[in-house]
Amino acid sequence: MSKNDDAQRDEHRPDVGLYVKVFGALMILTIITVAISKLHLPRPQAIALGLFVALIKAGLVGALFMHLWGESKLIHRALWITVGGAAILILPLIDCVLVANKITSPPDVASQHPSGEHAEEH
Amino acid sequence: MSQTYNPAAIMGNADTHSGVTNAKLGVWLFLASEIMLFATLFTSYIVLRMGSTSWPWGWDVLNVPLATLNTVILISSSVTIVMAYAKAYDKDKSGFQRWMAATILLSLGFLVVKAFEYGHEFALGIGPHTSVFYAIYFTMTGLHGLHILGGVAVNGGLLYMSAREEHWRNPLFLGRVEGAGLYWHFVDIVWIFLFPALYLL
């Protein structure tokens, strides 16, 4: 193995110091996740904040523990295709539920129903 | 011809002409299928939750302190397995065995805590039949628990193999440890999303 190979191999050496720092960050973020739930925020804000912290945690594990940071383009492409496939399956379904909720929510039902507000006008 | 860095040479696997070993590519494709599996479950969770007229707060009906303990255990195990990989990289046999044993113990700890949680719920007569919330809770955490069990089996196998010198001479061994680590981190990521989704929000 040439000196060049040795140097490049060292670049890919597991960084124990970095792992310890990531562990600390994950623990702090876990405390933050629990603290957010104790704030008893309205649900949309609580979900948005909780999801945001979970994404940061998952990003840290993926990028640094799974070495996705600096991983081959082939692996990145495979993952993007997976994410795209999942989005194609999931997003239309969620959109359908959102639309269905809008149609069947109480005010809309009242306005569409013959015995609702419009019926009283007649 | 100039020599270039080749991870496949270090890991001892056949080169895929992309700088990625066959084993690593295989593990990532397996993880891609796992992402799709859990994505469908999370979609079911979102659709059922959005379609429900009421949905309980996780901390009203589930044991948040135990789940928080399990989160700490799983994050710790992610660190121990990456330390095991670092030791395997340095061909430090006893270091690898120590960290891998710690990973397995933490994994078993996770399962024991989960068993306590399930046991308490079953004792109260709560099961998947109780409500849509509990149905999705038991399905998702149960499937995640099975993945933990699978990880224990793989990591236990690697620990067993590490006792024999011939495996340390085999350049494929490091690739196997890396693959097991990737799988374990994925299981950790799934829990990172399950914990707030079911217990906190």
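A: What follows looks at helix 8 of chain B and then at the parts around it.

This is a predicted model, with an ipTM of 0.86 and a pTM of 0.85. The average pLDDT of chain B is 90, and 92% of the residues score at least 70. Residues 1-5 of chain B have a pLDDT under 50, and the model gives them 6 contacts beyond four places in sequence. Where pLDDT is low, the predicted coordinates should not be read in detail.

Helix 8 of chain B covers residues 172-200, which makes 29 residues. From its first C-alpha to its last it reaches 42 Å, close to the 42 Å expected at 1.5 Å a residue. The helix does bend, by about 30 degrees at B:Leu194. A proline, B:Pro196, follows within four residues of that point. Helix 8 of chain B is mostly covered, with 25 of its 29 residues buried.

The largest nonpolar core of the model has 58 residues, and B:Ala84, B:Val177 and B:Tyr183 touch the most other members. Two or more residues each come from helix 2 (16-38) and helix 3 (43-65) of chain A, and from helix 2, helix 4, helix 5, helix 6 and helix 8 of chain B. Helix 8 of chain B gives the largest share of this core, 18 residues. Beyond its neighbours within four places in sequence, B:Tyr183 is in contact with B:Val27, B:Leu31, B:Gly151 and B:Val154.

The buried residues of helix 6 of chain B include B:Tyr137, B:Ile148, B:Gly151 and B:Leu158. Helix 6 of chain B runs over residues 132-162, and its 31 residues should span 45 Å at 1.5 Å a residue; the end C-alpha atoms are 45 Å apart, which agrees.

The last topic is the contact between the chains. It takes 40 residues from chain B and 40 residues from chain A. On the side of chain B that touches chain A, helix 8 gives two or more residues, as do helix 1 (7-11), helix 2 (22-51) and helix 4 (64-89) of chain B. Here the largest share, 12 residues, comes from helix 2 of chain B. The residues on this side of chain B divide into 30 nonpolar, 9 polar and 1 charged.

Technical notes. Residues numbered from 1 in each chain as written. Chains lettered and ligands numbered in written order. Predicted model: local features only at pLDDT ≥ 70, side-chain atom pairs only at ≥ 80, totals over all residues. Expected span 1.5 Å × (residues − 1). Bend = angle between axes of the 7 residues up to and from the residue. Buried ≥ 20, exposed ≤ 12 C-beta atoms within 10 Å, placed from the backbone. Contact = placed C-beta atoms within 7 Å. Nonpolar A, V, L, I, M, F, W, Y, C, P; charged D, E, K, R; others polar. pLDDT = per-residue confidence, 0-100. Core = buried A, V, L, I, M, F, W, Y, C linked by C-beta atoms within 7 Å.
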